[in-house]
Amino acid sequence: MIKKILLILILLLIPAYSHATEFVGAEYNVYGYNLKPDDCKKYIQKGNYYLRKFDNTYDKKLKPEYLKEALKNYYLATKAHNDCIEARIGLGRIYDEMKLDKYAKEQFFFAYNVNSSNPELNYRFGNFYYKRQYLTKARFHYEIAYKNGYANLYDLNYKMANTYSQLANSEKAAYHRKKADNIRKKELEEAHKIHSLDDNNSNNSQYYLFVK
C-alpha cells in the first residue's frame with residue numbers, strides 16, 4: 001500500500017504525466033491480489049512493449065499513456081518477483097525519463113546488487129550518468145556492458161568514444177569511434193543487402209505474373 005501511494009505521489013509531482021495519476025491508482029487497486037513468480041515474465045513483456053511504443057512515437061499525447069502503462073506493468077512484475085532484474089531496469093529507465101533521479105538510481109542499484117555484470121543494466125545505468133555528464137560513472141558501467149556482451153552495440157561504442165574523449169583519453173576514444181564506425185558501416189551494408197533482396201523478390205514475383 002505504501003508503494004502504491006508513493007507511486008501516485010510521484011506521478012502527481014510530474015506535470016507532464018499528471019493526467020495519468022487517477023488511472024494508475026485505479027489499476028493498482030484492481031490488481032491488488034497475490035501474484036505468482038511465473039507472472040513476472042508476462043508483465044515484463046507488456047512493460048517492454050509499451051516502453052518501445054513510448055520510444056518510437058512522436059505523438060506527445062500518447063507518450064505519457066505508453067509510459068504509465070510500462071510503469072504499471074514493470075511494477076506488477078516486481079510484485080510477482082522482487083528480484084526481477086528486467087523489471088527493475090525498466091522502472092529505472094522510466095524514472096530516468098521522468099527525471100526522478102533518486103528513484104531511477106534506486107532501481108538501477110537494486111538490479112546491480114542482483115547481478116552486477118548484466119550488460120543491459122550497465123548500459124542503461126551508464127546512459128543515466130552519461131545524460132547527466134557524470135562521465136567517470138558512465139564509463140564504469142559502459143565498460144562492464146562492453147565486456148559482458150555489448151561490445152558490438154553501435155550506441156554503446158559511440159557513447160564510449162564521446163565519454164573517453166571528454167575524459168581526455170584520446171587512445172580509447174579513437175578505438176571506440178573506429179569500432180562504432182565499423183559497426184554502423186556493417187549495419188548499413190546488411191540493410192542494403194536486405195533491401196536488394198526485397199527488390200529482387202518483388203521483381204521476380206512481377207515477372208512470374210506475366211510469364212505463362
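**Figure 1. Overall view of the predicted model.** The accessible surface of the protein chain comes to about 13000 Å². Carbon and sulfur atoms account for 53% of that surface. The model is predicted. The protein chain holds 10 helices and zero strands. Read from the N terminus, its elements run α-α-α-α-α-α-α-α-α-α. The chain has 212 residues, and 41% of them count as buried. Take the contacts between residues at least 6 apart in sequence: 55% of these join residues at least 24 apart.

**Figure 2. Close-up of the salt bridge between D55 and R93.** A search of the whole structure finds 12 salt bridges, and the pair of D55 and R93 is one of them. The N to O distance is 3.1 Å. D55 belongs to helix α3 (residues 40-56) and R93 to helix α5, so the pair ties together parts that are 38 residues apart in sequence. D55 has 43% relative accessibility and counts as partly exposed. R93 is also partly exposed, its relative accessible area being 21%. The cut-off for buried is under 20%, so R93 at 21% does not count as buried.

Figure 3. Two pairs are shown. In the pair of K68 and E65, the closest N and O atoms are 2.8 Å apart. Both residues lie in helix α4 (residues 62-80). They are three residues apart, about one turn of the helix. K68 is buried, with a relative accessible area of 9%, whereas E65 is partly exposed at 28% relative accessibility. The second pair is K72 and E69, with the closest N and O atoms 3.3 Å apart. K72 and E69 are three residues apart in helix α4, so about one helical turn separates them. Both K72 and E69 are buried.

**Figure 4. Close-up of a salt-bridge network.** D96, D101, K131 and R132 are joined into one network. The links are salt bridges that share partners.

Figure 5. The structure holds 13 aromatic pairs. In the pair of F125 and F128, the ring centres are 6.2 Å apart and the planes meet at 55°, so the pair is tilted. F125 and F128 both lie in helix α7 (residues 119-131). They are three residues apart, about one turn of the helix. Both are buried. Y129 and Y134 form another pair: their ring centres lie 6.2 Å apart, with the planes at 70°, so this pair is edge-to-face. Y129 is buried, with a relative accessible area of 3%. Y134 counts as partly exposed, at 47% relative accessibility. One aromatic cluster is formed by F108, F109, F125, F128, Y129 and Y134.

**Figure 6. Close-up of two charges over rings.** The charged end of K63 sits over the ring of F54. Its distance from the ring centre is 4.1 Å. Y154 is among the buried residues of α9.

Figure 7. Buried residues in α9 are Y154, L156, N157, K159, M160, A161, T163 and Y164. After α9 comes A168, with a positive phi near 65°.

**Figure 8. Close-up of two loop residues with positive phi.** K99 has a phi near 65°, a positive value in a residue other than glycine. K99 is found in the loop between α5 (85-97) and α6 (101-114). With 66% relative accessibility, K99 counts as exposed. A168 likewise has a phi near 65°, positive in a residue other than glycine. The loop that holds A168 lies between α9 (154-166) and α10 (170-210). A168 counts as exposed, at 70% relative accessibility.

Conventions
Residues are numbered from 1 along each chain as its sequence is written. This is a predicted model: local features need pLDDT of at least 70, side-chain atom pairs count only at pLDDT 80 or more; totals for chains, interfaces and linings use all residues. Side-chain values use heavy atoms; hydrogens and water are left out. Helices (H or I, at least four residues) and strands (E, at least two) are DSSP runs, numbered from the N terminus. Buried means under 20% relative accessible area, exposed over 50%, partly exposed in between (1.4 Å probe, protein chains only). Contact means heavy atoms within 4.5 Å. Accessible areas come from the Shrake-Rupley method with a 1.4 Å probe; for residues, only the protein chains shown count as cover. A salt bridge is a side-chain nitrogen of Lys or Arg within 4 Å of a carboxyl oxygen of Asp or Glu. Rings of Phe, Tyr and Trp (its six-membered ring) pair if their centres lie within 6.5 Å; planes under 30 degrees apart count as stacked, over 60 as edge-to-face and the rest as tilted. A charge sits over a ring if NZ of Lys or CZ of Arg is within 6 Å of the ring centre and within 35 degrees of the ring normal.
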